[in-house]
Amino acid sequence: PIVSSEPMQSLPTVKAVRTNASADDVHPLVVGGAGFLGINMVRFLLARGHQVVSLDMAPFDYPDVRDAVTAITGDIRDRATVDRAMEGVDVVVHTAAALPLYAERDIFTTDVVGTRTVLDSALQHGVDRAIHISSTAVYGIPDHHPLYEDDRLDGVGPYGRAKIRAERVCLDYRKKGLCVPIIRPKSFIGAERLGVFALFYDWAKDGKGFPMIGSGENRYQLLDVEDLCDAIYLAATLDRTIVNDTFNIGAKDFATMREDYQAVLDEAGFGKRIRGFPATPMILTLRVLEALHLSPLYKWVYETASKDSFVSIEKAERLLGYAPKYSNQDALVRNYRWYVANLAQFEHASGVSHRVPWKQGILSVAKNFF
């Protein structure tokens, strides 16, 4: 159900809030637990001995951990469902979001109204903290790098604007006394990640080269999902006076896009290369193809692909002790190996989430020329 954007009704009583969570007693709820980040976070928490609750509108269909998780199927826009998932929870990890290929109304009602629903329920249930997974899309297309947490926010498209509004909701709930760490991750990849990256991996495994918008000499920071899970866990277990803040999270080591993506083509072993093309005509062409619904690439992807895009992670390093293990190239190659090993599971699937490949549209024709 789609709920209105009016303020949520409070429950009649508020439970006492504990001062801090600790690594030993965290009882987490992963909101969006069946999604790409969600399932990686679920596995991460289970490996550390935690009892995990998952809430997602998609079925929790992971045989390896299904019996170890309390899985609730439902929409974060439905308050009763969220309240049911929140019972007995100490920490909320809010990963759920409607991604850029969703309808604008769904993006707003999920990413903004849904976030308000989750945080209000967390506050009323006396949850220790609710960690909100935002996005570096809130910075838009900036004119300088690296980007810092206090830089101007200027989201591109409905998704970027919704993420900014969701962060404002988080700030409102901080004022109400809820500890709400905000994590702004760079584009993250790893086991279960498909989406736009599946397009690149499909070309690589079929022995094709790959076109780059622009020269490929720009630096575009990525993030391994395992490093992101580490950062979230730090926000879940460190002193709440430290983590009640906003943090950029990304890889520490990254080169140019041409160098980083070439690592996947080298791994594929066909001797193919990344090929750069002039950015302006490619962007204009992709705008037309998007308008005609012939390409899965949206503005945030093709407008930023030829530009530098990296954030400072100094604040997270200093305050959280964040220490990423994987470089861009490590993350891309690890994700590609997972893609090839699991191809049979999703080869004929498609959709608009990160868990399935996106339809290539007319780009599948272009593939023949590489």
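## Basis

The model is predicted: local features need pLDDT of at least 70 and side-chain atom pairs count only at pLDDT 80 or more, while totals for chains, interfaces and linings use all residues. Residues are numbered from 1 along each chain as its sequence is written, and side-chain values use heavy atoms, with hydrogens and water left out.

## Nonpolar cores

A nonpolar core is a set of buried Ala, Val, Leu, Ile, Met, Phe, Trp, Tyr and Cys residues joined through side-chain atoms within 4.5 Å. Buried means under 20% relative accessible area, exposed over 50%, and partly exposed in between (1.4 Å probe, protein chains only). The largest such core has 43 residues, and I131 and I249 have the most contacts inside it. At least two residues of this core come from each of α1 (36–47), β4 (91–94), β5 (129–133), α6 (225–237), β10 (246–249) and α11 (314–320). Helix α6 gives the largest share, eight residues. Helices (H or I, at least four residues) and strands (E, at least two) are DSSP runs, numbered from the N terminus.

Beyond its neighbours within four places in sequence, I131 has contacts (heavy atoms within 4.5 Å) that include V91, V93, P181, I183 and I232. A second, separate core has 35 residues, among them L199, F200, Y201 and A305.

## Strands around β6

Strand β6 (residues 182–185) is covered on both faces: I182 and R184 are buried on one side, I183 and P185 on the other. Two strands pair if DSSP finds at least two bridges between them. β6 pairs in the parallel sense with β5 over two bridges and with β10, also in the parallel sense, over four bridges. I183 is the bridge partner of I133, and F247 in β10 is the bridge partner of I183.

## Helix α3

Just after α3, G126 takes a positive phi of about 70°.

At G114, α3 bends by about 30°, the angle between axes fitted to the seven residues ending there and the seven starting there. G114 is buried, with a relative accessible area of 0%. Not counting residues up to four places away in sequence, G114 touches I76, R77 and T109. G114 and V82 are 32 residues apart in sequence and 9.5 Å apart in space, C-alpha to C-alpha.
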